[in-house]
Amino acid sequence: MTDRYDVIVIGGGPSGLMCALTAVGGIPINPPRGLRALVLERFRVGQFARYGKLRITHRWHIMGTQLMRDLEAEVRASGCIDVREEEPALVVRGSRGAFEVETPGGRFEGGNVALCTGFFPHLDLVPMVRSVRVVFSPPEIEARHLPAIPGDTVAVIGGGPETVEFAQGLQKLRPEVVFLVVLEHVETPPPSPSRNLRIVAGRLAVREEHRVGLVVEIHPRSGPSSAEECRFLLVDYNSYALETHVTDFLQGMGIERRKGYIVTGPAGETAIPGLVAAGNIVTPVSGVLTALDTGFKAGLELHTNLYRERYGREPLVFPWLPRSGIKSHPLA
Ligand SMILES: Cc1cc2nc3c(=O)[nH]c(=O)nc-3n(C[C@H](O)[C@H](O)[C@H](O)COP(=O)(O)OP(=O)(O)OC[C@H]3O[C@@H](n4cnc5c(N)ncnc54)[C@H](O)[C@@H]3O)c2cc1C
C-alpha cells in the first residue's frame, strides 16, 4: 500500500470515523467503492467516547464502547479505510489535491483532509477511570460523586478562573475535603483562599494510579515541581469547552480558529479548499449526535468533490444536505 490517500482524517472519535466512512462511500445506501481514506489517531480509536455512557435523551443512552465498536466494525468492513493508532498529526500543509500530514512515524499524502480532533486535551487521563472523573455537572451534583474522606486531596484541573468558582462551589458542599486546583491556561493564579483550597497555575501530570488514588506531579509556571498523593482527580470539562489547545499544531495554516475551535461553513468546509472539520472541535461540547452529524456532513462534502473529480458527474446524495458551492435549496 502506498501512503497516498483520497482523504486523511485526523482524529478517530465518532466524528472522524463517520467522516471517513461517508467520504469513501457517500450516503449510507452506497457501499464504499474506489476511494481510500486514512484515519490518524493520537491514542486509541474512540478513546474519549468509549469512556462515556452517551445519553441521547434523559432516559435513553448508548454505551460509548458499543458505539465505537460498531463504527470500527464498519470501518474495517469497508476495506478501504486504514487506521493508524498512536499516530498523532503534528503538521498539516498543502491544499486540495496535495496535502501532507506529518506524524512522528512518517509522512502521509492526501487529496483532502478532515480535522476531527475533538477538543479534549487530556486523553492520556481517560484510561484512569477509577480515579479520574470528567466533570459535566454543576457542583451540587459533582459533590455527591466525590469519594474523598476527610483530609483527602482532590485535584481539579481546568482552563481558567471558572474552575476556581467550580472548586469553591464544591468546597462549600464538601468542607472536609482539601482541593488542589491546577489552572492550565492562566499565567498568574489568583491567591489561594484557604489551606483547603490551593490554586496553582501550571500543568498536572499523573505519575501513577494506585488501587485507591493517584500520585500526581504538579509543574507550576514558576517555582519547583512537586509530587502529591490525591484521592481523586476532576477534569473541569466545561472550562475546556471555552478554550482548547488541541489544534495548536495547525497554527500558520490559515485556518480560522476561535479559542482553538475551527470555524467552518455548514458542510464543514474551511477557507482551505479540500480541508473540512467536524465534531466537537467545531461545535464545542455538544455531544455525540452532533459529532456524528457534522462528521457525516463533512464526509459528504469530501465525497461529492472526489466523485465529481473522478467521474465527472454528481454523486447520488441527499440533495438537501449542505454542501459548499450549492447556493440554493433544491426544494425551494
Ligand atoms: C464520561 C463522558 C460522558 C459523556 N456523555 C455524553 C452523553 O451523555 N451524551 C453525548 O452526546 N455525549 C457525551 N459525551 C461526549 C461525547 O463522547 C463526545 O461529544 C464525542 O466523543 C465527540 O466526538 P468527536 O469525534 O468530536 O471527538 P472525540 O471523541 O474527542 O475524538 C477526537 C479524537 O481525535 C484524537 N486526536 C486529537 N488530536 C489529534 C491529533 N493531533 N492527531 C491525531 N488524533 C488526534 C483524539 O485522541 C480523539 O480520539 C461524553 C463523554 C465522556 C468522556
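User: Hi! Is Lys259 buried, exposed or partly exposed?
Analyst: Lys259 counts as partly exposed, because it has 13 C-beta neighbours inside 10 Å. A residue is buried if 20 or more other C-beta atoms lie within 10 Å of its own, exposed if 12 or fewer, and partly exposed in between, with C-beta atoms placed from the backbone. This is a predicted model, where local features need pLDDT of at least 70, side-chain atom pairs count only at pLDDT 80 or more, and totals for chains, interfaces and linings use all residues. Residues are numbered from 1 along each chain as its sequence is written.

User: Thanks. Where is Lys259, and what is its phi?
Analyst: Lys259 sits in the loop between strand E16 (257–258) and strand E17 (261–262). Its phi is near 50°, a positive value in a residue other than glycine. Strands (E, at least two residues) and helices (H or I, at least four) are DSSP runs, numbered from the N terminus.

User: And what about phi of Glu86?
Analyst: Phi of Glu86 is near 55°, a positive value in a residue other than glycine. Glu86 belongs to the loop between strand E5 (81–84) and strand E6 (91–95). Glu86 is exposed, because 12 other C-beta atoms lie within 10 Å.

User: New topic: which residues are closest to the ligand?
Analyst: The closest are Gly13, Gly52, Gly118, Gly279 and Gly287, and 35 residues surround the ligand. Near here is set by a residue's C-beta atom, placed from the backbone, lying within 6 Å of the molecule.

User: Which elements supply that shell?
Analyst: Helix H1, helix H2 (47–51), strand E3 (53–55) and helix H7 (287–311) each give at least two residues to the shell around the ligand.

User: How many bridges join E1 to E2?
Analyst: Four, and E1 and E2 (residues 37–40) run parallel. Two strands pair if DSSP finds at least two bridges between them. Ile10 stands opposite Leu40 in E2.

User: Is E1 mostly covered or uncovered?
Analyst: E1 (residues 4–10) is mostly covered, with six of its seven residues buried.
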